Amino acid sequence: MKHLLSLIFVLLAGIALAVEPDEILDDPELEARARAISKDVRCVVCQNEPIDSSNAGVARDLRILIRERLVAGDSDDEVRDFLVEKYGDYVLFKPPFNAKTYALWLAPLALLGLGGLAAATVFSRRRGAADAQAGLSDEEEAIVAELMQRFGQDRQDKDG
Amino acid sequence: MQRILVFIPIVVVAILGGFFLWGLNPDRDPNAIPSVLISKPAPQFDLGPIAGVDSPGLKTSDLAASGEPVVLNVFASWCVPCRAEHGVLTRLARDEGFDLMGINYKDKPEDARAWLEELGNPYARIGADETGRAGIEWGISGVPETFVVDGSGTVVWRYVGPIATEQSQDELRAALAEARGGAGS
């Protein structure tokens, strides 16, 4: 347990290291917003790391830039738009909902719909089959009765 | 209705197959970062010259000043691939007759000066981007990166990495030819 805790702390220290002390803003509220934004911004060098935890030079520049824009009074969205303008939607880990990403956002729903449709068909068909096994409908009983009667007559005719 | 449902698995497989085929295409580079600058006006920046280097500084309006396409190269003395492409760019600028513009990215003036003195200075203009802010305006992810800007100041081509291979040189020539054709018409 002790080892696990110390391991966790060591790992956390690694994450905290990327944001260097001289970058941190005096205003804790702005700093929190900056951290929140930088967690969702991709480092363009390392690609799968957010700039918040990246040690790359460009990541540091972008962190400082985000803080500068926040201090200048930009809203979170304005800061994000500024970055997207330079680096494209690619820079955001959470892709926005626009013409280029309709397929990305809607495909799961479409697949779910298709799956649901397929499942509904299969289940309704299975239920139909189950009903049929449970017994014969009135029409079917009538047909069977008629057939039995005719069969019986045939036999009588032959026997006779 | 049931007839149509029978074809759903086939359609799904066809869509997935198409996606896998696209993913397996050897020409596709999954690491390539799409550039948003292409077909857009060159970003606004205004950089002074490197102290002690003859080339004047570089700002956005300089790129379209001649009305001819120019090649913008982002370089740094600390960047090893930049050294590899330096000779190629020097030769291309001479043979193809374009103005080579430079952005000296996050470099110390004395290092940049020594580097240019050692390898030669093929740049018509060099902007010193000591903070890397102009680099962010251009959306670069590192150095070297090279852009072609046409005569009207529109970015038409971007290359990430050194222009050293035959393929990258051909791409640059093609982009340049297209920019020249577009500017002439």
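Predicted model: local features only at pLDDT ≥ 70, side-chain atom pairs only at ≥ 80, totals over all residues.
The size of an interface is often given as the accessible area lost when the parts come together. For chain A and chain B, the buried area is about 1,700 Å², and carbon and sulfur atoms give 59% of that area. Three residues, A:D61, A:K86 and A:Y87, supply 32% of the area that chain A buries against chain B, more than any other three residues. In terms of contacts, 20 residues of chain A meet 20 residues of chain B.

Polar interactions also cross this interface. The rule finds 3 salt bridges between the two chains, and 4 residue pairs are in polar contact. A salt bridge joins B:K106 to A:D61, with the closest N and O atoms 2.5 Å apart. On the side of chain A that touches chain B, two or more residues each come from helix 3 (57-71), helix 4 (76-87) and helix 5 (102-134) of chain A. Of these elements, helix 3 gives the most, with 6 residues. By class, this side of chain A has 11 nonpolar, 4 polar and 5 charged residues.

Helix 4 of chain A comprises 12 residues and spans 17 Å from its first C-alpha to its last, close to the 16 Å expected at 1.5 Å a residue. Its buried residues are A:V79, A:F82, A:L83, A:V84, A:K86 and A:Y87. These buried residues pack against helix 2 (28-39) and helix 3 of chain A, together with helix 6 (133-137) of chain B. Just after helix 4 of chain A, A:G88 adopts a positive phi of about 85 degrees.

Conventions
Residues numbered from 1 in each chain as written. Chains lettered and ligands numbered in written order. Heavy atoms only, no water. Contact = heavy atoms within 4.5 Å. Buried area = accessible area lost by both parts, 1.4 Å probe. Salt bridge = Lys/Arg side-chain N within 4 Å of Asp/Glu carboxyl O. Polar contact = N/O pair within 3.5 Å; in protein donor to acceptor, adjacent residues only side chain to side chain. Helix = DSSP H or I, 4+ residues; strand = E, 2+ residues; numbered from the N terminus. Nonpolar A, V, L, I, M, F, W, Y, C, P; charged D, E, K, R; others polar. Expected span 1.5 Å × (residues − 1). Buried < 20%, exposed > 50% of the residue type's maximum accessible area, 1.4 Å probe, protein only.
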